Amino acid sequence: MIARAIDYVSFTVIIFLLSLVWTTLVFSRWEYALTFSVAAALIALVTMYYIRRGHAKPYSHDRLTAELAVRGPEYLVNLLKNACKNTDTTAQFGEDYILFDDCIVFAAFKFAVLGLNDLNGLINKAASHERTDIYVMTRGIDRKAFILLQFYNVKVRVVKIRSIYRFLASRGALPDLKPVKRKFSLAALSDAVFARSNLKNYFFSGAVLIAVAFLTPLKIYYLVLGSISLALALLTLTPLGRGTRSSDKILNRLK
């Protein structure tokens, strides 16, 4: 929820700034440019909202991906096993893999793409089953992880969520994906906004906006935005930057 809210805010601000920069070249008065830019940003925001809402149906690729990441690899393997119409299949089903005569298919959905350690573990497990042709059902694999292919004589291919979705849907085996109720957390929003890692972004943005203020008729506007950005940079250096939900003293309970 927090990430989605930040996406909406960032998208709106970017559209607004882009519109403002170019409309100042079209309109002679800054009031017209400002009004047009606000309207363009609001229209873009509403459009983005309805597009995303259309993809937020219970049965969707994103929803299924989240379900698989939450429930773990064994859940996906069981879904595929139950969807298999051929009861005489020679495939072997493990906790996180499906073993065929000539290859192995891993279930490895996470909330992020697989990294070096993840892929290395899968390759080693494939080797223990004497398979060099590897398929990985996952969100994606970090391109840096493919450096491992220099050390192993294997082939690695990614099976995307759309293929899994299509397979399950064609067999009526999609799970009952209930809509997830999104919760808003003010504490989580505060942690995301004031995180210490945002310092360089706020500082750079503030410096650029203030510099631009002296090159445009909208001097006050850019000075205000630049000052807000620099103020946020300062706040990341306060205790807020350490997070309001952190529990630094929990280990003190150990005696």
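The expected span of a helix is 1.5 Å times one less than its number of residues. Keep that in mind for this predicted model, where local features need pLDDT of at least 70, side-chain atom pairs count only at pLDDT 80 or more, and totals for chains, interfaces and linings use all residues. Residues are numbered from 1 along each chain as its sequence is written, and side-chain values use heavy atoms, leaving out hydrogens and water.

Start by selecting residues 219-235, which are helix 9 (helices are DSSP runs of H or I, at least four residues, and strands are runs of E, at least two, numbered from the N terminus). Its 17 residues reach 24 Å from first C-alpha to last, close to the 24 Å expected.

Now pick out Tyr-222, Gly-226, Ser-229 and Ala-233 in helix 9: these are buried (under 20% relative accessible area; exposed is over 50%, partly exposed in between, with a 1.4 Å probe and protein chains only). Seen down the axis, the buried residues of helix 9 fall within an arc of 60 degrees, so they line one face; the arc is taken from the directions from the helix axis to the C-beta atoms.

Next, jump to strand 3, residues 104-107. Ile-104 and Phe-106 on one side, and Val-105 and Ala-107 on the other, are all buried.

Look for Leu-99 opposite Ile-104.

Last stop: residues 133-137, strand 4, running parallel to strand 3 with four bridges joining them. Here Met-137 is the bridge partner of Ala-107.

Methods. Pairing = 2+ DSSP bridges.
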